[in-house]
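Keep the 3D view open as you read.

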Amino acid sequence: MVLTSRIKSVDFFRKIPRDLTEASLSGAGLSIVAAISMMFLFGMELQNYMALTTTTSVIVDQSSDSEFLLIDFNMSFPALSCEFASLDVSDILGTNRLNITKTVRKYPIDKHFEATGSEYDPTPVPTIIKHDDKVDDQETGEGSVKLNAQDFDKISHQYPILVVNFFVPWCIWSNRLKPSWEKAARIIRQRHNPAGDGRILLGKVDCTEEIELCRSHHIQGYPSIRIFRKGSDVRDVHGHHEHESYYGDRDTDSLVEAMEQLVRPIELDSQKSSSKDGDGKTIVDAKRPAPRGGGCRIEGFVRVKKVPGNLVISARSESHSFDASLMNMSHIISNFTFGKKVTPRMMNDLRRLHHYTQTTHDKLSGKVYINVEDRANVTIEHYLQVVKTEVMSSSHQLIEDYEYTAHSSLVHAHTIPVAKFHFEPSPMQILVMENEKSFPHFITNICAIIGGIFTVAGILDSLLHNTMRLVKKIELGKNL
């Protein structure tokens, strides 16, 4: 009994007998207000504990010198043929890669951005085309037939093989081809008289005179040698033509041999001939299907060094000339991103931790840059400033992303118009870290809320009760 009494003496929460307590209306009101306040503040504290908070800092980019930057893209050019479309990459360190094909795919499209065929043959064409140094021909006159828009379709369906040289008089390559072409045409005419034999005819089209005819056949580089086969070159509802482009040597002997190989299967009653000429050289790679549309969709990726550089889309050929006034580099960008591909799940985590990512990860996506036809020699430039962002979640999972700002402009081109993407990686990077919430700290705040409100309510109740008692005593004294 004595031990029990001693233990009771250290009780911090001594009880007052219920008979000695008095309930009041003011106390009840304060109790209700205190309970509501506790519930409200508890909810606010719980929301704060459950909410995600991050700390953002800017630090020097920690990437190593050997680390490359991946550029992923998908762009559509309605007026740039896949036949000459070239993607080039350069940087300030002297790197200069031209006509990248290993990681780039090209698909022909029409002016409405609709696909017109399968992937364009990525096999590189010969970069060094052989020409005659001097044509020793005493014959005068032209061997090829000059074609125009009125008789082109009729003649193309009259001969089993029609080979056409699309040229312009001001082009140096067209002028170098002209004597060899005419001599080869005369030789073929002598061997296969169109009036008697009728298997092949060599023609030519001046694209400065027949602008619409050349445009309908998607001629963008000069000279362009196209092979039309009777029965296969039929226009569909979209105006597409199925024919081949010749990329072989342009000297007289090579041209004559190429024409002979075109005639030989017909001459042998559809029997296949050897693909080699008398010198053992193959020319099977000298021709391939011509693009069925005047536009091109370019997609793929390239790896670049993390230094300022340029990604350029242009018409390029070592043996063709281009009319800058007719080049239109209008394009639509479906995708243009930096860094490794971000999965949808990773993107959701990025947006949850760093909400600005949604608009800056692919800033150019869906943008349209159209140059009106009456504005010639226009280059479309995009200036991109790239910033690396690293996001560290509470589970210590590192997510890496690249954001960029984009500023675009249309400028007058002094040479061939291009679509130019100038990228400049920042030497700084953004580090976003998720702040961890302490559960003991949350419990402490809850206890502080409950205890604080209970104490304040008790003080207010005591003040209110004593004040009311004092008022009653004063009123009682007056009555006496």
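Predicted model: local features only at pLDDT ≥ 70, side-chain atom pairs only at ≥ 80, totals over all residues.

How many disulfides does a search of the whole structure find? The search finds 2, and the other one joins cysteine 82 to cysteine 296, again with 2.1 Å between the sulfur atoms. Here the torsion about the S-S bond is about 100 degrees, so this disulfide is right-handed. The pair brings together distant parts of the chain: cysteine 82 is in the loop between β2 (68–77) and β3 (85–91), while cysteine 296 belongs to strand β12 (residues 295–305), 214 residues apart. Both cysteine 82 and cysteine 296 are buried. If you count the bonded cysteines along the chain, the disulfides follow the pattern 1-4, 2-3. As a reminder, a disulfide is a covalent bond between the sulfur atoms of two cysteines. One further cysteine to find in your view is cysteine 171, which counts as buried because its relative accessibility is 0%.

β3 and strand β13 (residues 309–315) pair in the antiparallel sense over 7 bridges, and serine 86 has serine 314 as its bridge partner in β13. β3 is also joined to strand β4 (residues 96–97) by 2 bridges, and these two strands run antiparallel. In β4, asparagine 96 is the bridge partner of serine 90. The hairpin of β3 and β4 has 4 residues between the strands, and glycine 94 in this hairpin takes a positive phi near 100 degrees.

Next come the charged side chains. Side chains of opposite charge can pair when their charged atoms come close. The structure holds 14 salt bridges, and one of them is between aspartate 61 and lysine 388, at 4.0 Å from N to O. Aspartate 61 lies in the loop between β1 (54–60) and β2, and lysine 388 in strand β16 (residues 378–392), so this pair ties together parts that are 327 residues apart in sequence. Lysine 388 is buried because its relative accessible area is 5%. It also forms a salt bridge with glutamate 390, with the closest N and O atoms 3.3 Å apart. Glutamate 390 has 14% relative accessibility, so it too counts as buried. Step back and you can trace a network of salt bridges linking Asp61, Lys388, Glu390 and Glu400.

Another salt bridge is between lysine 204 and glutamate 182, at 3.1 Å from N to O. Lysine 204 is in strand β8 (residues 200–206) and glutamate 182 in helix α4 (residues 172–191), and the two are 22 residues apart. Both lysine 204 and glutamate 182 are buried.

Let's finish with two helices. The 26 residues of helix α2 (residues 25–50) should span 38 Å at 1.5 Å a residue, and the end C-alpha atoms are 38 Å apart, so the two values agree. Its buried residues are Ser26, Gly27, Ala34 and Glu45. On the surface, Val456, Ile459, Leu460 and Leu463 form a nonpolar patch, with about 370 Å² of accessible area together. Valine 456 is found in helix α9 (residues 439–479). With a relative accessible area of 46%, valine 456 is partly exposed.

Note on methods
Residues numbered from 1 in each chain as written. Heavy atoms only, no water. Disulfide = S-S within 2.5 Å. Buried < 20%, exposed > 50% of the residue type's maximum accessible area, 1.4 Å probe, protein only. Patch = residues over 30% accessible without salt bridge, like charges linked within 9 Å, V, L, I, M, F, W, Y side chains within 5 Å. Areas by Shrake-Rupley, 256 points an atom, 1.4 Å probe, with all protein chains shown as cover. Salt bridge = Lys/Arg side-chain N within 4 Å of Asp/Glu carboxyl O. Expected span 1.5 Å × (residues − 1). Pairing = 2+ DSSP bridges.
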